[in-house]
Amino acid sequence: MAYSDKVVDHFNNPRNMGSFKKGEEGVGTGMVGAPECGDVMKLQIKVQNDTIVDAKFKTFGCGSAIASSSLATEWLKGKTIDEAQKIKNTDIVQELNLPPVKIHCSVLAEDAIKAALADYQKKADEQPADTK
Amino acid sequence: MKLPIFLDNHSTTPMDPRVLEAMLPYFVEKFGNAASRNHAFGWAAEEAVEQARKQIAKLVKADSKEIVFTSGATESDNLALKGVLEMYREKGTHIITSSTEHRAVLDTAKSLEAKGLATVTYLPVDKFGMVNPQDVQNAITDKTILISIMLANNEIGTINPVQEIGKIAKAKGVLFHCDATQGVGKIPVDVQGMGIDLMSFSAHKLYGPKGVGALYVRKRNPRVRIAAQMDGGGHERGMRSGTLPVPLIVGFGKACDLCEQEMATEAARLAKMRDHLQTDIMAALEESYLNGHPTNRLPGNLNISFAYVEGESLLMGMKDIALSSGSACTSATLEPSYVLRALGVGTELAHSSIRFGLGRFNSDEEIDYTIKKVIEVVTKLREMSPLYEMAKEGVDLKSVQWAAH
């Protein structure tokens with residue numbers, strides 16, 4: 001199976017690969033997938049004033065999984081929380097030209113975005129009101 | 001050195017130019033049908049076929065009359081299992097095979113089972129991928145008519161104790177079929193010494209052309225009979241009808257002849273290159289695990305799992321080297337290699353496996369390049385892997401509640 005040029009580009013030049021420092025403020029982390037399934041994605045967002053100012057990923061998985069998460073971090077940067085919620089796996093499929101057997105990679109990326117947003121929200125809710 | 005490098009010699013092998021040369025006259029000039037008994041065109045073709053049959057038989061220590069030409073090892077496996085079962089149905093319908101056989105054997109067995117024509121025992125293998133002859137012995141019942149165990153595995157290269165299994169089969173009066181596709185031409189094969197009654201193999205795995213294979217069918221002690229699975233002109237002593245592909249057969253013969261002459265030196269050279277590849281990679285990369293038997297394996301085979309990185313992404317990172325992975329992402333199903341699973345390799349490590357298949361035309365330079373590239377790509381992908389990060393932080397990955405999808 002040949003990969004699309006965009007998948008190859010993200011694989012060779014992953015955007016925003018890495019992790020935020022432990023305990024960094026305003027960070028939400030989503031970790032989805034399982035090693036037995038062959039994909040695990042860790043996606044992190046850093047939020048200031050309801051806007052995602054930075055995003056990072058680490059992925060164990062095939063080239064399409066790596067590309068999907070790399071693309072997701074690119075898209076997340078600069079978006080508000082509400083806008084980020086609207087990213088759909090089908091957008092990723094379209095942008096990366098993923099074949100049917102790789103659609104699960106895009107689903108995983110959407111799950112990772114949702115998980116990171118939920119984690120951020122949970123942490124924000126737990127904080128005392130005056131520090132929000 | 002030319003890129004890409006072909007290190008997938010278990011899937012197929014490049015044809016030896018000497019084989020092509022031998023084949024060429026049989027396309028345009030000597031195009032006759034080997035079954036035409038009445039003219040020079042037919043005689044020339046028949047002579048070439050019989051010459052090739054001798055070359056092929058010699059490599060596996062068979063009699064040339066015991067070689068039945070087929071389209072390849074898949075057909076040979078099908079013909080052996082279905083042909084024996086149909087012929088000896090009255091005597092019994094039980095087949096013994098193993099869980100790491102090639103799909104051509106496993107799926108044939110399953111199809112016979114599904115049609116209610118056979119009962120099948122799938123023997124487990126040990127952690128190196130070897131069948132225990134004692135298990136074979138124990139599985140035999142008075143209904144057993146066939147044992148089908150492969151010589152060497154296509155993924156992990158492990159060589160089975162075929163000779164011992166042959167002895168057991170003989171003592172119990174059960175026929176023994178061996179899928180020797182990966183072994184013939186790579187390691188010595190002797191159908192007499194190994195007690196093999198039927199044996200499948202194929203030309204394109206030993207530097208011959210694609211589209212031709214053989215089924216060895218023992219002629220005496222015992223005389224094995226199989227029911228033809230294809231009706232027609234009654235070629236190949238009635239066992240396999242169809243006009244013989246003369247150029248392919250000539251190539252198959254030449255390829256076997258070359259293997260016979262060069263196997264010993266070639267095997268030693270490949271084993272040395274393989275050991276170099278294995279030693280250097282495993283010394284440089286922590287948590288890399290050898291799959292298969294450490295010593296009792298095909299000389300050109302190496303199968304390693306690299307913890308925390310996924311096989312398909314590894315292949316993608318090394319796209320100028322042709323390799324194969326047991327990762328599920330390379331197959332239509334989402335299950336990783338059933339062979340590695342049968343060895344007890346964990347699913348995550350099965351996803352992380354790479355098979356290196358060295359062959360006649362690989363050079364030391366290519367191996368050095370591969371070593372460098374593997375180390376570079378595994379290191380890069382581990383940097384990218386959340387699992388590696390967690391492991392480095394001391395998280396026990398087995399204790400994590402994964403959100404499986």
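Reply:
**The loop and its surroundings**

Asn97(A) sits in the loop between α4 and α5 of chain A. Helices (H or I, at least four residues) and strands (E, at least two) are DSSP runs, numbered from the N terminus. The model is predicted, and local features need pLDDT of at least 70, side-chain atom pairs count only at pLDDT 80 or more, while totals for chains, interfaces and linings use all residues. Residues are numbered from 1 along each chain as its sequence is written, and chains are lettered from A and ligands numbered from 1 in the order in which they are written.

Asn97(A) is not a glycine, yet its phi is positive, at about 60 degrees. Most residues other than glycine have a negative phi.

Now the two helices. The axes of α4 (residues 89–96) and α5 (residues 103–126) of chain A come within 8 Å and cross at roughly 130 degrees. Axes are lines fitted to C-alpha atoms, for helices over the stretch in contact, and angles run from 0 to 180 degrees between N-to-C directions. That angle makes α4(A) oblique to α5(A). Under 35 degrees counts as roughly parallel, over 145 as roughly antiparallel, 65 to 115 as roughly perpendicular, and the rest as oblique. The crossing of α4(A) and α5(A) is right-handed. A crossing is right-handed if the near helix is turned clockwise from the far one by less than a right angle, and left-handed if anticlockwise.

From α4(A), Asn89(A), Ile92(A) and Val93(A) make the contact; from α5(A), Ile103(A), Ser106(A), Val107(A), Ala109(A) and Glu110(A) do. Contact means C-beta atoms, placed from the backbone, within 7 Å. By class, the contact of α4(A) with α5(A) has five nonpolar, two polar and one charged residues. Ala, Val, Leu, Ile, Met, Phe, Trp, Tyr, Cys and Pro count as nonpolar, Asp, Glu, Lys and Arg as charged, and the others, Gly among them, as polar.

Next, the chain interface. In it, 24 residues of chain A touch 24 residues of chain B. On the chain A side, β1 (27–34), β2 (39–48), β3 (51–60) and α2 (63–76) each give two or more residues. The largest share, four residues, comes from β1(A). This side has 15 nonpolar, six polar and three charged residues.

Chain B holds an open sheet of seven strands, ordered β2-β8-β7-β6-β5-β3-β4, with mixed pairing. Strands pair if DSSP finds at least two bridges between them. β2 (67–70) and β4 (119–123) of chain B stand at the edges with a single partner strand each, so one side of each has no neighbour in the sheet. Neighbouring strands are turned by 20 degrees against each other on average, direction ignored. Inside the sheet, β5 (residues 144–148) and β6 (residues 175–179) of chain B run parallel, joined by three bridges. Leu146(B) has Leu175(B) of β6(B) as its bridge partner.

Chain B also has cis peptide bonds, including one between Asn221(B) and Pro222(B), with omega about -5 degrees. Pro222(B) lies in the loop between β8 (213–217) and α7 of chain B.

Finally, the domains. Chain B is assigned domain 1 (5–9 + 263–392) and domain 2 (17–258); such bounds come from an automatic or database domain assignment. Their C-alpha centres lie 29 Å apart. The contact takes 21 residues from domain 1 of chain B and 20 from domain 2 of chain B.

Conventions
Contact = placed C-beta atoms within 7 Å.
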